[in-house]
Amino acid sequence: MSIISSIETILVSSNYGNGKVFGQPKSVKTISLIKIVTNKKIYGIGETYSGIYSPELIDKVVNFLKPFLIGKKIDNSLDITVLRSIPFISSSGLIKSVISGIEIAFFDLLGKLYNKPIYELLNPYIKKPSFVNTYCSGGSVVFTCDDIKRELEDLIKTGFNSYKMRVGLKDLKDDIERVYCARNAMPGKNNLMIDAIMGTHKTKWNINDAKSFAKEIKNLNIKWLEEPLNPLNFHEMAKLQKQINVHLAFGESFTSFEEFNNAIISKASKYLQPDVTHCGYIDMIRLFKSKKIDNHKFALHVWGSKISLLANLHLAIAFKKNIEIIEIPNVKFNFLNKEFDEITKFKKGKIILHDNISGLGINIDGKSLNKYKFIKSSGFKI
């Protein structure tokens, strides 16, 4: 019988990009892993998206949640949703994001125990992985036109055929010029995404700003315009979507089924962007079994380590009918790159997992962790 004996937090910092990445003043990126260990020394690994922003808080939340799971049996009947039973604080937000990391670690552990990949645990009808569409996510808000052209040249050579860039930091004229540069350098249609990251910028666009931007790009065959408004403002997003002819996208900040469900009900966007390191597997299973999602498209958000990408890739394979595409960050982040490449294959803009893996398909050793020691105060800051 396997029983949960310990749960711990692991903070990892790695060199990031060229060291001058927007929002990373210490030239590194920190991610927060959660490790669940059984009495038989088998372990599962998960990642929480909130750790990128507040790494020092994650261990405090994990320590608070430990008593709910320590000593519990690991089997299919384990109701990990007990972690969401704490009124007011655990159904959404920071604690739910940390719970999502615990859920991933739990499914990784369960997959190792039953010798099954996570995608099969999520959807028992999927016995073999298939290729998933990807887009390369780059185009920093600080990039010039020349930077964007160089990045796209490299990505096209690599095999990517879809690309996302950021706007919103520069003035409207400069950002529109940058978008035209990307459009001219990226062959094809419906393969360029624009992210205004209004969930990140300190100064937010209002609806008139967003309409003005949308008007300027309406003839450029843009796949979607992401977060052109504060992502918490469903009403304004829905209003904007009705008034422009560009598809909107948002959802990376959502941590619960209820937020996605409300976005669907309000018809706030065409695309929704879950990230299981923030919203968890259990809520996503519930969402993709819902009959309300038929007219919506799903594009998985990824902005963490290769653990985050793997966790979301399993979801994309399990629910390929619903999930159109998955994000692959272009900013260099060294942690677990070799291990990830050993269990995946990338070809012509698509990615697939090997079919002989269990759990996430990746393990972490002490050597890797010692190489990427946590650097204090390295969370995202602007």
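I took a pocket as an open set of points on a 1 Å grid over the protein atoms alone, where a 1.4 Å probe fits, with protein on both sides within 12 Å along at least five of seven lines. Lining residues have an atom within 4 Å of a point. Grid points are joined across faces, edges and corners, and a volume is the space filled by probe spheres set on the points.

I noted the basis. This is a predicted model: local features need pLDDT of at least 70, side-chain atom pairs count only at pLDDT 80 or more, and totals for chains, interfaces and linings use all residues. Residues are numbered from 1 along each chain as its sequence is written, and side-chain values use heavy atoms, with hydrogens and water left out.

**Largest pocket**

I looked up the volume of the largest pocket and found about 1000 Å³. Its lining has 46 residues. Tyr16, Phe22, Arg166, Trp303 and Phe380 lie nearest the centre. Helix H4 (145-158) and strand E5 (163-166) are the elements that give two or more residues to this lining. H4 gives the largest share, five residues. I use DSSP runs for helices (H or I, at least four residues) and strands (E, at least two), numbered from the N terminus. By class, I read 15 nonpolar, 18 polar and 13 charged residues in the lining. Nonpolar here covers Ala, Val, Leu, Ile, Met, Phe, Trp, Tyr, Cys and Pro; charged covers Asp, Glu, Lys and Arg; the others, Gly among them, are polar.

**Second largest pocket**

I found about 530 Å³ in the second largest pocket. It is lined by 23 residues, and Phe160, Lys306, Ile328, Pro329 and Asp341 lie nearest its centre. Helix H11 (306-318), strand E11 (323-329), helix H12 (337-343) and strand E12 (344-347) each supply at least two lining residues. The classes are 12 nonpolar, six polar and five charged.

**Disulfide**

I searched for disulfides (cysteine sulfur atoms within 2.5 Å). The count is one. Cys145 and Cys181 form it, with sulfur atoms 2.2 Å apart. The link is right-handed, with 85° about the S-S bond. Cys145 lies in H4 and Cys181 in helix H5 (residues 172-185), so the pair ties together parts 36 residues apart in sequence.

I fitted axes to C-alpha atoms, for helices over the stretch in contact; angles run from 0 to 180 degrees between N-to-C directions. Under 35 degrees is roughly parallel, over 145 roughly antiparallel, 65 to 115 roughly perpendicular, the rest oblique. Contact means heavy atoms within 4.5 Å.

Helix H8 (residues 257-265) packs on helix H10 (residues 281-288) at about 30°, axes 9 Å apart. That makes H8 roughly parallel to H10. Phe257, Glu258, Phe260 and Ile264 of H8 meet Asp283, Met284, Arg286 and Leu287 of H10. I read five nonpolar, no polar and three charged residues there.

The axes of helix H2 (residues 94-114) and H10 come within 8 Å and cross at roughly 90°. H2 and H10 are therefore roughly perpendicular. Lys96, Glu103, Ile104 and Phe107 of H2 touch Tyr281, Ile282 and Asp283 of H10.
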